[in-house]
Amino acid sequence: MNYMPGTASLIEDIDKKHLVLLRDGRTLIGFLRSIDQFANLVLHQTVERIHVGKKYGDIPRGIFIVRGENVVLLGEIDLEKESETVLQQVSIEEILEEQRSQQQAKQEAEKAKTQALKDRGLSIPRVDMLDEY
Amino acid sequence: MFWLLFYSFFKSLVGKDVVVELKNDLSICGTLHSVDQYLNIKLTDISVTDPEKYPHMLSVKNCFIRGSVVRYVQLPADEVDTQLLQDAARKEAMQQKQ
């Protein structure tokens, strides 16, 4: 990322509200305050948004420094589109509860799958997602 | 400086519609706005192609995708001159040998 025209620079995104998807699956929303060549980010007034189905909950997190290798994508939030959202905001306790049940259901499905594979003498190795620069 | 071949290749595709498939299995369709030496990609007017199991992207129109998380970039065949690409790759390989 540099200051040459036509390159994918984040410099114009500074001070705008962004959604950041992290490699661990988390979603952060905050104002982008600082960047560098590794896509390390400083987010201000950050909120961690948890989505379960059509519901979501926001946990205030303050200032975040995100190491670039953990960033999947950075999306500029269109404030107009945000106001016409079909998603329903719920309390933190409720969304955490929903998330817990969702994780549980996923784990059970995963367990059943690996067992079925094991019964057939197969296994799927986990993908390693290290940075490759 | 990295291999500039694909950087130049993507620069020639700016303005075209592409689908970027990420390593986390998310697929995003959009117009290629810009690319850099790390093959970070900026897309405009995005839409999540697969059934929207990813509702959080609804209020996002433009996004920046870190090059390291891209698995594939899907391009319409008629936008790519494979002969040119092959020649460029061959030239790059020759240069690297020396």
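## A tour from strand 5 of chain B

Select Arg71(B), which counts as partly exposed at 35% relative accessibility. The model on screen is predicted.

Arg71(B) belongs to strand 5 (residues 70–74) of chain B and Glu21(B) to strand 1 (residues 17–22) of chain B, so the pair ties together parts that are 50 residues apart in sequence. Glu21(B) has a relative accessibility of 17% and counts as buried, because the limit for buried is under 20%.

**Other salt bridges**

How many salt bridges are there over all chains? The count comes to 15. For one of them, go to chain A and select Glu97(A) and Arg100(A), whose closest N and O atoms are 2.9 Å apart. Both residues sit in helix 2 (residues 92–119) of chain A, three residues apart, which is about one turn of the helix. Glu97(A) is partly exposed, with 42% relative accessible area, and Arg100(A) is partly exposed as well, with 46%.

Next in chain A, select Arg26(A) and Asp24(A). Their side chains meet in a salt bridge of 2.9 Å, N to O. Arg26(A) counts as partly exposed at 37% relative accessibility, whereas Asp24(A), at 51%, counts as exposed.

Then show both chains and select Glu12(A), Asp13(A) and Lys42(B). These three residues are linked in a network of salt bridges.

**The phenylalanines of helix 1**

Return to chain B. How many aromatic pairs does a search of the whole structure find over all chains? The search finds two. For one of them, select Phe6(B) and Phe9(B): their ring centres lie 6.3 Å apart and the ring planes are at 85 degrees, so the pair is edge-to-face. The cut-off behind that label is an angle of over 60 degrees.

Both Phe6(B) and Phe9(B) lie in helix 1 (residues 5–11) of chain B, three residues apart, about one turn of the helix. Phe6(B) is partly exposed, with a relative accessible area of 35%, while Phe9(B) counts as buried at 12%. Phe10(B) counts as buried, at 10% relative accessibility. With the three residues selected together, the view shows one aromatic cluster, made of Phe6(B), Phe9(B) and Phe10(B).

**The second largest pocket**

The space in the pocket is about 210 Å³.

**The annotated span**

Select residues 5–79 of chain B. An unreviewed UniProt entry annotates this stretch as "domain: Sm". The end C-alpha atoms of the span lie 17 Å apart, and the span is 9% helix and 45% strand.

**Backbone stops**

Select Asp25(B), in the loop between strand 1 and strand 2 (27–35) of chain B. Its phi is near 75 degrees, a positive value in a residue other than glycine. For comparison, most residues other than glycine have a negative phi. Asp25(B) counts as partly exposed, at 46% relative accessibility.

Move on to Asp45(B), in strand 3 of chain B. Asp45(B) has a positive phi of about 50 degrees although it is not a glycine. Is Asp45(B) buried or exposed? Asp45(B) is exposed, with a relative accessible area of 57%.

For the last stop, select Pro55(B), in the loop between strand 3 (41–48) and strand 4 (60–65) of chain B. Pro55(B) is buried, with a relative accessible area of 14%. Draw a distance from its C-alpha atom to that of Gln86(B), 31 residues away along the chain: the separation is 39 Å.

Note on methods: Residues are numbered from 1 along each chain as its sequence is written. Chains are lettered from A and ligands numbered from 1 in the order in which they are written. This is a predicted model: local features need pLDDT of at least 70, side-chain atom pairs count only at pLDDT 80 or more; totals for chains, interfaces and linings use all residues. Side-chain values use heavy atoms; hydrogens and water are left out. Rings of Phe, Tyr and Trp (its six-membered ring) pair if their centres lie within 6.5 Å; planes under 30 degrees apart count as stacked, over 60 as edge-to-face and the rest as tilted. Helices (H or I, at least four residues) and strands (E, at least two) are DSSP runs, numbered from the N terminus. Buried means under 20% relative accessible area, exposed over 50%, partly exposed in between (1.4 Å probe, protein chains only). UniProt positions are given in the numbering used here, feature names are shortened, and annotations may be inferred rather than shown by experiment. On a 1 Å grid over the protein atoms alone, a cavity is a set of points where a 1.4 Å probe fits but cannot get out, and a pocket is an open set with protein on both sides within 12 Å along at least five of seven lines; lining residues have an atom within 4 Å of a point. Grid points are joined across faces, edges and corners, and a volume is the space filled by probe spheres set on the points. A salt bridge is a side-chain nitrogen of Lys or Arg within 4 Å of a carboxyl oxygen of Asp or Glu.
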